[in-house]
Amino acid sequence: MKLALISTLATTAAAFAPAKVAQQQSTSTALKAEKDMSQALPFLPRPKLLDGSLPGDVGFDPFNLSGGDKASLMNMREAELKHARLAMLAAVGWPLAELFDGKIATALGLQSALTSTGASPSLLNGGLDKIEPDYWVIVASIAGLAELSSKETKEEKGKNYIAGDCGFDPLGLFPQDKEGMMAMQTKEIKHGRIAMMAVLGYAAQEALYRSPVTDETPMFFKSIL
């Protein structure tokens, strides 16, 4: 009787074992397939180099602009960060200029740098001829100093160098722990990407409607200031 019971239990366990193993294998395969897909574009495969190790990396590179090796990827990340930082400054400076440049110029007895419609000068809006050459010299000098500082920091830190680090953190806002560093870098790149889209929106809107973005969307700029 005991022998029959043991035999029955063994047979039952054997019957369920393959199904359980198959289920585990199926789950593992599904997770691997999901991991190989882009988080940003779930219907496309994730680019090999975009493995999620970089801050803000969600596998978005439909045109394969990140390059074919790690060095190319890091060069693109450096360029993205620089453009992002400039865009964050521009996203604030563009509307502020439209709101206050005319008033400040009038108070100081100077000519306003805005266009005839009151828009910020740009390639599409025109008005860049009003900008003094000294301004461009200052901008180029600051950019050169930033590049030199970034190069020195890269050489100094070697393998510990973080993309975009130009040694500028006068307020000591950058965390020292890995988790904090990743979080801060992720915030920066996300804000920078939004800023790049915002500046693109400014330029497109003003080129299309031929009026300052602060007038076209006053609820964003004039309701507070």
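Mentor: Helices here are DSSP runs of H or I with at least four residues, and strands are runs of E with at least two, numbered from the N terminus. The model is predicted, so local features need pLDDT of at least 70 and side-chain atom pairs count only at pLDDT 80 or more, while totals for chains, interfaces and linings use all residues. Residues are numbered from 1 along each chain as its sequence is written, and side-chain values use heavy atoms, with hydrogens and water left out.

Trainee: Why is the pair of W94 and Y202 called tilted?

Mentor: Rings of Phe, Tyr and Trp (its six-membered ring) pair if their centres lie within 6.5 Å, with planes under 30 degrees apart counted as stacked, over 60 as edge-to-face and the rest as tilted. The centres of W94 and Y202 are 5.7 Å apart and their planes stand at 55°, so the pair is tilted. This pair joins distant parts of the chain, with W94 in helix α2 (residues 70–108) and Y202 in helix α4 (residues 178–209).

Trainee: What makes the pair of F220 and F221 edge-to-face?

Mentor: Their ring centres are 6.4 Å apart and their planes stand at 80°, so F220 and F221 form an edge-to-face pair.

Trainee: How do you know whether F220 and F221 are buried or exposed?

Mentor: Buried means under 20% relative accessible area, exposed over 50%, and partly exposed in between (1.4 Å probe, protein chains only). F220 has 61% relative accessibility and therefore counts as exposed, whereas F221 has 13% and therefore counts as buried.

Trainee: Which helices each supply at least two residues of the lining of the largest pocket?

Mentor: Helices α2, α3 (133–157) and α4 each do, and α2 gives the largest share, nine residues.
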